[in-house]
Amino acid sequence: MGNLAYHLVAVGVGAVVGVLGSAFHVGVEKLTAAWPAYLDTGLGLDGLPLYAAAALVAAAMTLVSLWLVRTFAPEASGSGVPEIEGAMEGLREVRWHRVLPVKFVAGLLSLSSGMVLGREGPTIHIGASVAKAASDLMKWSGEDMRGLLAAGGAAGLAAAFNAPLAAVLFVIEETRRQFPYSSRTYIAVVLASIASAIVTEYLTGSRPYMLLEAATIPYVWLPAFAVLGVILGGAGFVFNRTLVWSLDHVRRFGQRSSFYIFPAFVGLTVGVLMFVRPEATQGGELLAVQLTRENLPLAMLVFVVLLRFVMTMASYSTGVAGGIFAPILALATTIGLCYGTTLDLFFTLPDLAHTTFAIAAMGGLFAATIGAPLVGMVLVLELTSAYAVLVPVMITAIFAHMVFLSLGGRPIYEILLERTLAIEAEARAAASR
C-alpha cells in the first residue's frame, strides 16, 4: 500500500474523529447544563428536595456509565491513553467494536454528571478506535496499524482541545517508546491532527477553549516562575502517587464489597456539589478562566485547590470513562493563582501577573504529571492563546519536570499501563489455580 493511500486514510480518520469529538464535546456541554436546569427551573425544586434530586440524577448517570464499562468494555475505564500506548507496544488490543460506543456513551454520562473528569481521554480513545477500525478495513497490521493508532489518538486530542500542534507533539513526546517513527507514520499523525482540527473548528468554532488575557512579564520576574516550577514538580509527584493510591484502595474496597458502592457515593456527592459548590465539579476548563477574573482571596483559592484535588482523585477512582488532562489544568490554574496571590502580599506584581502565573502553572503541572514538558508548553499556549508568556511557561514547565524526575516521579500513563498489565496478570493467575 502506497504512502498516498495511507495518508488519505489518515485524513479520513482525522475527519471522522473531528465529527465524533465535536459531537462528544457539544453533548457533554448540553447535557451538563440541561439536567440541573430542569431540576431547578423546570421542576421548580429548591433546597433539600433540589439537592436530593440532583444527587440521585448524578449517581444514576455515574452508575450507568460504570455498568456500561464493566459489562461491555472494561478497557474503556478511565482515560484510555494507557490502553493506546499498550496497543502500540503490542501489549493490549483495541476492541473498537466495543470501545467506540461504550467510550462515547459512558463518557458522555460520566462527564455530564459533573464528575471531575476531562473529555480528552474519551476523545483520544475514540480516535484510536476509529483508527483501528480503518486499519481492520484496510487489513493493515504491524507498523502501519500502530502508526494509524497514534494518528487517531492525536486526532482525538486535537478534537478535544482544538490543539493540533500539541496533539502531534503528544505522540512524539508521550508515546516516544511505542510510536513507530518514520516519515510515513509521522506525516499521517500530522495530517490526521490537521483534519480533526479543521472539522472541529468548522463545527464548534475557532475560539480557543480557555482564552486568557496575558501580558509580557519583565525578565526580573522570571526567577519567580522557576520557583513556581519547583512547587509544581512536587505537586505533580504527590498527584500521581495519590491517584494510584486512590485507584488501588477503591479497587480493594470494590473486591471486598461491590464495585458500585464507592461510585454511587461519589455520584451522590457530585450531584449536591453541582449546586452547593460548582467549582468542585466538572472538568474545569471554564472554571479556570472564571477564577482568573474573580480575584478570590487566598483562603478561598486554597480551599478550591484542596476540594478539586479530592474530587479529582475520587472521580477518577470510580472507574468510569473520563480523562485527567482538564482536571490537571484546572487544578494547576488554581495553584498558580494561589502563588500569585501570595506573592502579592509582599511585592507589587506586574499587570496581569496572576493570570500569567495561572497559565504557567498549567504547563508546569502537566509537565510533571504527564511527563511531557514540551506538550505542556504548547498545549496551554494553544488553549489560552497567551503566546506573550511563552518564556515563563517554558521555565515553569521545565523546572517542574526536573523536580518531578529528581523526586523519582514517572509519567502517570506509564504507571497506569503497568498497573493494568499487573491486574490482568493477577486475574489470569487466579483463574489458572
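The model is predicted, and local features need pLDDT of at least 70, side-chain atom pairs count only at pLDDT 80 or more, while totals for chains, interfaces and linings use all residues. Residues are numbered from 1 along each chain as its sequence is written, and side-chain values use heavy atoms, with hydrogens and water left out.

Start with helices H9 and H16. Helices here are DSSP runs (H or I, at least four residues), numbered from the N terminus. Helix H9 covers residues 222–256 and helix H16 covers residues 390–406; their axes come within 7 Å and cross at roughly 45 degrees. H9 is therefore oblique to H16. An axis is a line fitted to C-alpha atoms, for helices over the stretch in contact, and angles run from 0 to 180 degrees between N-to-C directions. Angles under 35 degrees count as roughly parallel, over 145 as roughly antiparallel, 65 to 115 as roughly perpendicular, and the rest as oblique. The crossing of H9 with H16 is right-handed. A crossing is right-handed if the near helix is turned clockwise from the far one by less than a right angle, and left-handed if anticlockwise.

On the H9 side, the residues that make the contact include Leu-222, Phe-225, Gly-233 and Phe-237, and on the H16 side they include Val-391, Ile-395, Phe-399 and Phe-404. Contact means heavy atoms within 4.5 Å. The residues of this contact divide into 14 nonpolar, six polar and no charged. In this classification Ala, Val, Leu, Ile, Met, Phe, Trp, Tyr, Cys and Pro count as nonpolar, Asp, Glu, Lys and Arg as charged, and the others, Gly among them, as polar.

The second pair is H5 and H6. Helix H5 (residues 120–138) and helix H6 (residues 142–161) have axes that come within 7 Å and cross at roughly 145 degrees. Their crossing is right-handed. H5 contributes residues including Glu-120, Ile-124, Ala-128 and Lys-132 to the contact, and H6 contributes residues including Leu-148, Gly-152, Gly-156 and Phe-161. By class, the contact has 10 nonpolar, six polar and two charged residues.

Next comes the nonpolar core. A nonpolar core is a set of buried Ala, Val, Leu, Ile, Met, Phe, Trp, Tyr and Cys residues joined through side-chain atoms within 4.5 Å. Buried means under 20% relative accessible area, exposed over 50%, and partly exposed in between (1.4 Å probe, protein chains only). The largest such core has 141 residues, and those with the most contacts inside it are Leu-148, Phe-161, Phe-325, Phe-357, Ile-370 and Tyr-413. Helix H14 (residues 353–370) gives the most to this core, with 12 residues. Not counting residues up to four places away in sequence, Phe-161 touches Arg-119, Glu-120, Tyr-209, Glu-285, Phe-325, Ala-326, Leu-379 and Leu-383.

Ala-159 also lies in H6. Ala-159 counts as buried because its relative accessibility is 1%. Beyond four places in sequence, Ala-159 touches Val-17, Gly-18, Gly-21, Ser-196, Thr-200 and Tyr-209. Ala-159 and Thr-200 are 41 residues apart in sequence, and their C-alpha atoms are 5.8 Å apart in space.

Two asparagines can be read side by side. Asn-162 lies in the loop between H6 and helix H7 (164–174), and Asn-295 lies in the loop between helix H11 (285–294) and helix H12 (298–317). Phi is near 50 degrees in Asn-162, a positive value in a residue other than glycine; Asn-295 also has phi near 50 degrees. Asn-162 counts as buried at 9% relative accessibility, whereas Asn-295 counts as exposed at 69%.

Ala-321 is in the loop between H12 and helix H13 (325–344), and at 0% relative accessibility Ala-321 counts as buried. Leaving aside neighbours within four places in sequence, its contacts include Ser-65, Ala-76, Lys-103 and Leu-117. Ala-321 and Arg-293 are 28 residues apart in sequence and 31 Å apart in space, C-alpha to C-alpha.

Gly-336 belongs to H13 and is buried, with a relative accessible area of 0%. Apart from neighbours within four places in sequence, Gly-336 is in contact with Phe-357, Ala-358 and Ala-361.

Last, His-7 lies in helix H1 (residues 3–42). His-7 is buried, with a relative accessible area of 12%. Outside four places in sequence, His-7 is in contact with Ser-183, Arg-184, Ile-187, Ala-188 and Leu-191.
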